[in-house]
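I opened my notebook to go through this model piece by piece. Here is what I looked up, in the order I looked.

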Amino acid sequence: MTFDAVAPFYDSLARLFFGRSLIRAQQWGIGQVRSGSRVLMLGGGTGVTLPDLLSRQPSSVLFVEASGSMLTKARQRTQPDDPVSFQKGTEADLPETIQFDAILLPFVLDLYPFHTLQGQMLPTLLDHLAPGGQLIVTDFARPQTYWQQAYMWLMLRFFGLLANIPARQWTDWPMALRQAGLMEATGCSFRANQVRSGCWVR
């Protein structure tokens with residue numbers, strides 16, 4: 001799976017189909033990050049909300065992105081003295097001992113089938129979440145209306161072709177989080193409940 005092919009037009013495509021709703025949802029999640037936190041942003045794409053995160057005055061940010069092209073764009077949004085480092089890869093590439101006070105997952109969980117979240121991804125992430133830490137998820141909610149179902153169908157097939165994402169239908173990521181022992185402490189819905197942003201804790 002790689003988003004290199006869509007990196008040049010990813011942000012424009014998101015604005016075309018969703019306006020600023022995806023960004024607003026991510027900004028809401030970022031607003032839950034406590035000042036001084038050690039933060040992991042996993043799958044942050046082009047880093048469009050990275051300046052918002054840095055404005056929360058974290059002690060450090062590790063920005064992990066599997067796409068080299070996306071990572072290049074994200075680097076361009078920062079200043080040399082910003083407390084952020086960049087790493088190409090996924091959660092599987094994190095050093096074993098590193099811990100975070102907040103882990104941001106912007107439109108990441110919906111890329112994977114339920115069994116992958118349950119058996120691989122979430123256990124790995126929770127190993128890196130410090131006691132009392134926040135798992136902040138912004139993602140597409142379960143499609144309710146016909147137009148939401150149509151959007152989901154189109155997105156999955158589009159990114160399946162261009163980015164080879166493994167998900168073939170909407171993944172019940174809230175259920176995966178609950179089964180992993182997490183609960184949503186606070187949350188907010190956007191774009192007629194099509195998008196959900198929430199802060200999950202153990």
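This is a predicted model: local features need pLDDT of at least 70, side-chain atom pairs count only at pLDDT 80 or more; totals for chains, interfaces and linings use all residues.

Entry 1: I started with the strands and found seven of them in an open sheet, ordered 3-2-1-4-5-7-6, with mixed pairing. At the edges I found strand 3 (84–88) and strand 6 (183–190), each of which pairs on one side only. From one strand to the next the twist averages 15 degrees. I then looked up how strand 2 (residues 60–65) meets strand 3: the two run parallel and are joined by five bridges. Across that pairing, L62 stands opposite S85 of strand 3.

**Entry 2: helices on the sheet.** Helix 2 (residues 21–30) lies across strand 1 (38–42), strand 4 (100–106), strand 5 (129–140), strand 6 and strand 7 (195–201). I noted its angle to strand 7 as about 15 degrees. Helix 4 (residues 68–75) lies across strand 2 and strand 3, and runs at about 170 degrees to strand 3.

**Entry 3: the buried side of helix 4.** Which residues of helix 4 are buried? I found M70, L71 and A74. They span an arc of only 100 degrees around the axis, so they sit on the same side of helix 4. What do the buried residues of helix 4 pack against? My list reads helix 1 (10–18), helix 3 (50–54), strand 2 and strand 3.

**Entry 4: cysteines.** I looked for disulfides and the count came to zero. C188 is in none, and the nearest cysteine sulfur, in C199, is 13 Å away.

**Entry 5: salt bridges.** I found four in the structure, and wrote up three of them here.

- D101 pairs with R38, with the closest N and O atoms 2.9 Å apart. This links strand 4 to strand 1, 63 residues apart. D101 is buried at 18% relative accessible area, and R38 is partly exposed at 33%.
- D172 meets R142 at 3.1 Å, N to O. D172 is in the loop between helix 6 (146–162) and helix 7 (173–179), and R142 is in the loop between strand 5 and helix 6, so the pair ties together parts 30 residues apart in sequence. R142 is partly exposed, at 43%.
- R196 in strand 7 pairs with E184 in strand 6, twelve residues apart, and their closest N and O atoms are 2.8 Å apart. Both are partly exposed, R196 at 23% and E184 at 26%.

How values were computed
Residues are numbered from 1 along each chain as its sequence is written. Side-chain values use heavy atoms; hydrogens and water are left out. Two strands pair if DSSP finds at least two bridges between them. Helices (H or I, at least four residues) and strands (E, at least two) are DSSP runs, numbered from the N terminus. Axes are lines fitted to C-alpha atoms, for helices over the stretch in contact, and angles run from 0 to 180 degrees between N-to-C directions. Contact means heavy atoms within 4.5 Å. A disulfide is a pair of cysteine sulfur atoms within 2.5 Å. Buried means under 20% relative accessible area, exposed over 50%, partly exposed in between (1.4 Å probe, protein chains only). The arc is that of the directions from the helix axis to the C-beta atoms. A salt bridge is a side-chain nitrogen of Lys or Arg within 4 Å of a carboxyl oxygen of Asp or Glu.
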